[in-house]
Amino acid sequence: MDFAPYQDTAPESTRALSPPPRRSTSRSPNPKSPPPNRGTTDPFLSSTLPAPNHFSDDPRRDGRGFGNSDLESGRMDVNLFETSLPLRLDYEAMLAYLLLPPAGGVLLLVLEHKSDYVRFHAWQSSLVFTVMFVIHLIFSWTSILSWLIFVFDLGLIAFLTMHAYQDANNLDRFELPFFGGLASSFVDAE
């Protein structure tokens, strides 16, 4: 077949045609009547097939279905409290706020890949304290207001650290207005 843009003949004239439809004289069978009894020549119907676990390489499988009839055995390697770093989950979540925010949050975003709980606190710390850093830069011309913002920062760090530690037992997320929802949407999108 020639696919050149300018052809002298139409490609439909050289294409293979479909076979004509079959013309049978018998009508289709009635759906209520039993199917006609024909001799079976299907080799699969005459022989028995081996069980599916025959083909499995897993010696633990015993043919009772996936996971040996235990619903949770297929997910035993999933641990919601597991982290990429050799630290406990609650300590890592606290470090998102204690490691010189917002740099600690960014560092945990780079290093932590397994725990959504730690990544949420790292995102929230990074977002909140980046905005607080910009506010510090804006109000750096006045020392009294700058010190008040600094005291507010320390209180916010202590408050968020406490919630990150306490809520790690049941993986609850303490979300600050606007920043918490944004951090949660970033973690859910990953």
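This is a predicted model: local features need pLDDT of at least 70, side-chain atom pairs count only at pLDDT 80 or more; totals for chains, interfaces and linings use all residues.
Residues are numbered from 1 along each chain as its sequence is written, and side-chain values use heavy atoms, with hydrogens and water left out.

I placed His 136 in helix α4, helices being DSSP runs of H or I with at least four residues, numbered from the N terminus. Leaving aside residues up to four places away in sequence, I listed Ser 146, Ile 149, Phe 150 and Asp 153 as touching His 136, contact meaning heavy atoms within 4.5 Å. Of these, Ile 149 lies 13 residues from His 136 in sequence, with 7.2 Å between their C-alpha atoms.

I then turned to α5, where Ile 149 and Asp 153 are among the buried residues, as are Leu 156 and Leu 160. The buried residues of α5 pack against α2 (89-98) and α4.

I checked the length of α5 (residues 143-166), whose 24 residues should span 34 Å at 1.5 Å a residue, the expected span being 1.5 Å times one less than the number of residues; the end C-alpha atoms of α5 are 35 Å apart, which agrees.

Last, I looked up Ser 184 in helix α6 (residues 179-189), and recorded Ser 184 as buried, with a relative accessible area of 11%.

Technical notes: Helices (H or I, at least four residues) and strands (E, at least two) are DSSP runs, numbered from the N terminus. Buried means under 20% relative accessible area, exposed over 50%, partly exposed in between (1.4 Å probe, protein chains only).
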